[in-house]
Amino acid sequence: MPKLSLGARLFISHLLVMMVGLGSFVIIAKVSSPRMFVFRLEQLEKRGLFTVRSARTYLVDGFQNAWNRSAILSVIVGSGAAGAVSYVSSKRITQPVTQMRRITQKFAAGDLEERVPGSDISELNQLSVSFNSMASSIGNVEQRRRELISDLTHELRTPLTVMRGYLEELAEGRIEGSPQLYLRLIKETRRLERLIHDLQELSKAEAGYLSIDSKPLNLYPLLTSLVERFADQLLEDGPSLELKCPKDLPAVLADRDRTEQILVNLLGNAIRYTETGSITVEAKKINRQIWISVTDTGIGIAEEDLPFLFERFWRADPSRSSHSGGTGIGLAIALRLVELQGGRIEVESELGTGSTFRFCLPLA
């Protein structure tokens with residue numbers, strides 16, 4: 001037996017309700033109306049208004065015939081009117097559902113632009129709103145997927161082109177191998193390895209598969225070791241690196257390795273884009289959180305670029321290019337790692353003056 005559609009089910013349910021109502025009306029009226037009619041005639045006779053004994057049977061038969069015709073006509077007209085109203089109402093109710101089915105088919109074909117209009121029926125309107133929200137989310141995911149493929153293709157093209165060019169020239173004998181050439185090839189290979197590693201980290205973080213082992217963590221030793229490590233990498237004429245952190249700073253509830261990864265990203269960016277001046281790492285308690293900030297006096301970031309800083313593969317041109325050593329997804333990874341530990345990350349910057357990246361972690 002074929003399954004009925006929602007519209008057909010609504011239409012049939014309305015007709016069944018109508019048939020039950022009319023059937024009950026006809027049966028009750030058929031049984032009780034003649035008796036009530038005779039009772040009314042007897043009341044009139046008792047009052048002496050007129051005598052209808054000889055014509056009682058004729059009057060009752062006439063009443064029944066008239067009532068039967070009226071009942072049949074009422075059933076026909078009522079059924080037709082009820083059927084029309086049931087058809088219109090069922091079509092109106094199922095129209096949003098039909099539109100959703102049609103739009104879903106378009107989604108399957110790759111068209112993600114159309115949306116379901118609102119409905120006067122509150123439940124269906126809520127369903128439309130939820131459906132449109134889901135459609136927007138799907139559209140955003142698809143857009144991000146396309147952007148990721150495009151950005152990833154762009155990032156991979158440069159090192160692969162460089163490596164292929166050198167290898168082709170080596171194979172054809174146009175150049176000879178040298179330590180400098182091999183170091184260039186190693187450098188491009190490391191760029192590819194770093195990009196793939198960062199992509200894996202970001203993918204795990206966004207999917208929620210990245211393990212976070214939150215424990216009470218004393219930030220002072222961690223910050224001290226990081227500042228000492230990065231200070232050794234600075235040139236004599238480069239920026240100075242300073243730590244401002246009280247030794248009695250309360251412990252935070254965080255993952256040591258992930259927190260170190262966040263700080264390495266922020267410090268690496270600060271050193272990369274600060275040729276002279278200073279870089280300051282500061283930690284302080286504000287309310288029930290510890291805020292860690294990295295402030296530099298580097299090239300800074302334009303105000304219109306700030307909303308895009310934590311997007312994958314985004315760089316502010318022309319100063320922040322892939323040739324400066326970054327993969328373009330370090331800040332996106334930092335954002336997700338901070339969020340996974342229950343904190344948030346912020347940035348303040350002015351072009352030509354410097355930048356401040358800060359994030360918070362909850363107290364243990």
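# Report on a predicted single-chain model

From the N terminus on, the elements of the chain run α-α-α-α-β-α-β-β-α-β-β-α-β-β. The model is predicted. Its secondary structure comes to seven helices and seven strands.

## The chain as a whole

The chain has 364 residues, and 34% of them count as buried. Its accessible surface comes to about 22600 Å², with 56% of that area belonging to carbon and sulfur atoms. When contacts between residues at least 6 apart in sequence are considered, 69% join residues at least 24 apart.

| Strands | Direction | Bridges |
|---|---|---|
| S4 (residues 278-286) and S5 | antiparallel | eight bridges |
| S5 and S7 (residues 354-362) | antiparallel | eight bridges |
| S6 and S7 | antiparallel | six bridges |

Strand S5 covers residues 289-296, and strand S6 covers residues 345-350. S5 pairs with S4 and also with S7, while S7 pairs in turn with S6.

Valine 281 has valine 294 in S5 as its bridge partner. Threonine 295 stands opposite threonine 356 in S7. Glutamate 346 is bridged to arginine 358, which belongs to S7.

Two of these pairings are hairpins. S4 and S5 have two residues between them, and asparagine 287 in the turn has a positive phi of about 60 degrees. The hairpin of S6 and S7 has three residues between the strands, and here glycine 352 takes a positive phi near 85 degrees.

How much of S5 and S7 is covered? In S5, six of the eight residues are buried. In S7, eight of the nine residues are buried.

## Nonpolar cores

The largest nonpolar core has 46 residues, and those with the most contacts inside it are Leu219, Ile292 and Phe359. A second, separate core has seven residues, including Phe107, Leu112, Val116 and Phe131.

Which residues are in contact with phenylalanine 359, leaving aside its neighbours within four places in sequence? They are Ile262, Leu263, Leu266, Ile290, Trp291, Ile292, Val338, Arg344 and Ile345.

## Helices H6 and H7

Helix H6 spans residues 256-272, and helix H7 spans residues 330-340. The two helices pack at an angle of about 145 degrees, with their axes 9 Å apart. Their crossing is left-handed. On the H6 side, Arg258, Gln261, Ile262, Asn265, Leu266 and Asn269 take part; they meet Gly330, Leu331, Ile333, Ala334, Leu337 and Val338 in H7. Among these residues, Ile262, Leu266 and Val338 are also in contact with phenylalanine 359.

## Two single residues

Is glutamate 260 buried or exposed? This residue of helix H6 has a relative accessible area of 18%, so it is buried, the cut-off being under 20%. Leaving aside its neighbours within four places in sequence, glutamate 260 is in contact with Leu222, Leu226 and Arg229.

Glycine 342 lies in the loop between helix H7 and strand S6. Its relative accessibility is 55%, so glycine 342 counts as exposed, the cut-off being over 50%. Glycine 342 and cysteine 360 are 18 residues apart along the chain, and their C-alpha atoms are separated by 8.5 Å.

Notes:
Residues are numbered from 1 along each chain as its sequence is written. This is a predicted model: local features need pLDDT of at least 70, side-chain atom pairs count only at pLDDT 80 or more; totals for chains, interfaces and linings use all residues. Side-chain values use heavy atoms; hydrogens and water are left out. Helices (H or I, at least four residues) and strands (E, at least two) are DSSP runs, numbered from the N terminus. Buried means under 20% relative accessible area, exposed over 50%, partly exposed in between (1.4 Å probe, protein chains only). Contact means heavy atoms within 4.5 Å. Two strands pair if DSSP finds at least two bridges between them. Accessible areas come from the Shrake-Rupley method with a 1.4 Å probe; for residues, only the protein chains shown count as cover. A nonpolar core is a set of buried Ala, Val, Leu, Ile, Met, Phe, Trp, Tyr and Cys residues joined through side-chain atoms within 4.5 Å. Axes are lines fitted to C-alpha atoms, for helices over the stretch in contact, and angles run from 0 to 180 degrees between N-to-C directions. A crossing is left-handed if the near helix is turned anticlockwise from the far one by less than a right angle, and right-handed if clockwise.
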